Amino acid sequence: MSLAVILSMFMFSLSMSISPGPVNITILSTSLNHGFIKAFPFISGATIGFILLLICVGFGFSKIINTYPIIFKSLEFLGSIFIIYIGYKILSSKPKIEIHHNNSIPNFLDGFLLQWLNPKAWIACASGAALFSAPNTNAPFIVFICIYFLICYLSLALWGALGEKLTMILSNSKRILLFNRLMGFSLIFISIYMIFSIFTFK
């Protein structure tokens, strides 16, 4: 395997993992409100969930999706509803840094499910599998999975660290409340747009 291919794997993984999306927005808000440690289970769930999805798609599940496109449409709809739920959890977060247990904190399972119900995650997995699979060997795809796991974990952790740093800027409850509303409504808006797209675009 050439160095150019490995670099392409790194760049693909980084661009997909670091760019803003429902998972990143949730991590940013959770870390801001509850600290990086409280956000880490969600980060871990999102990373592991995505990698397992990548493995399933890369090793044949994509064939089922292509044969029965209604499955993907159903996933899009369920994913949109779940993202609305995550947006609501952010909207309902208290406008202060919580250092105790709070049931509204997105957890490992939330992160895991968000990836499996996120159409963008499916598209990223399908694209990556198509780009870095070889016809006669699984070695390149296995290398890609390992690289993606590392890059995804680091990228999501970076969003968590950024959220914690924002506590210095958003130092009072009114600013944090405004931030929570902005992040929560952003997720809900994305979800509504996704639902609208399902029923209006072919």
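Which pattern does the chain follow when read along the sequence? The pattern is α-α-α-α-α-α-α-α, and the secondary structure comes to eight helices and zero strands. The model described here is predicted.

**The chain as a whole**

- The chain has 202 residues, and buried residues make up 46% of them.
- Among the contacts with a separation of 6 or more, 86% are accounted for by residues 24 or more positions apart.
- The accessible surface comes to about 10,600 Å². Carbon and sulfur atoms hold 75% of that surface.

**Helix 1 and helix 6**

- Two packed helices are described by the angle between their axes and the distance between the axes.
- Helix 1 covers residues 3–18 and helix 6 covers residues 119–132. Their packing angle is about 175 degrees, and their axes lie 12 Å apart.
- Angles over 145 degrees count as roughly antiparallel, and helix 1 and helix 6 are therefore roughly antiparallel to each other.
- On the side of helix 1, the residues in contact are Val5, Ser8, Met9, Phe12 and Met16. On the side of helix 6, they are Ala124, Ser127, Gly128, Leu131 and Phe132.
- The residues of this contact between helix 1 and helix 6 comprise seven nonpolar, three polar and no charged.

**The largest nonpolar core**

- The largest nonpolar core holds 31 residues. Those touching the most other members are Val23, Ile27, Phe50, Leu54, Phe144, Tyr148 and Leu156.
- Two or more residues of this core come from each of helix 1, helix 2 (22–34), helix 3 (36–67), helix 6 and helix 7 (139–165).
- Helix 7 supplies the largest share of the core, with nine residues.
- Apart from neighbours within four places in sequence, Tyr148 is in contact with Phe12, Ser13, Met16, Ser17, Phe50, Ile51, Leu54 and Ala124.
- In soluble globular proteins, nonpolar side chains tend to be buried together.

- Is Ile151 buried or exposed? Ile151 belongs to helix 7, and because its relative accessibility is 11%, Ile151 counts as buried.
- Leaving out residues up to four places away in sequence, Ile151 touches Phe10, Ser13, Leu14 and Ser17.
- Ile151 and Met11 are 140 residues apart in sequence, while their C-alpha atoms are 9.4 Å apart in space.
- Leu154 also lies in helix 7. Leu154 has a relative accessibility of 53%, so this residue counts as exposed.

**A glycine in helix 5**

- Gly111 is found in helix 5, which spans residues 108–116. Its relative accessibility is 0%, so Gly111 counts as buried.
- Which residues does Gly111 touch, not counting residues up to four places away in sequence? They are Phe42, Gly45 and Ala46.

**A phenylalanine in helix 8**

- Phe185 lies in helix 8, residues 173–200. Residues over 50% relative accessible area count as exposed, and Phe185, at 51%, is therefore exposed.
- Phe185 and Ile84 are 101 residues apart in sequence, and their C-alpha atoms are 8.8 Å apart in space.

Terms used. Residues are numbered from 1 along each chain as its sequence is written. This is a predicted model: local features need pLDDT of at least 70, side-chain atom pairs count only at pLDDT 80 or more; totals for chains, interfaces and linings use all residues. Side-chain values use heavy atoms; hydrogens and water are left out. Axes are lines fitted to C-alpha atoms, for helices over the stretch in contact, and angles run from 0 to 180 degrees between N-to-C directions. Helices (H or I, at least four residues) and strands (E, at least two) are DSSP runs, numbered from the N terminus. Angles under 35 degrees count as roughly parallel, over 145 as roughly antiparallel, 65 to 115 as roughly perpendicular and the rest as oblique. Contact means heavy atoms within 4.5 Å. Ala, Val, Leu, Ile, Met, Phe, Trp, Tyr, Cys and Pro count as nonpolar, Asp, Glu, Lys and Arg as charged, and the others, Gly among them, as polar. Buried means under 20% relative accessible area, exposed over 50%, partly exposed in between (1.4 Å probe, protein chains only). Accessible areas come from the Shrake-Rupley method with a 1.4 Å probe; for residues, only the protein chains shown count as cover. A nonpolar core is a set of buried Ala, Val, Leu, Ile, Met, Phe, Trp, Tyr and Cys residues joined through side-chain atoms within 4.5 Å.
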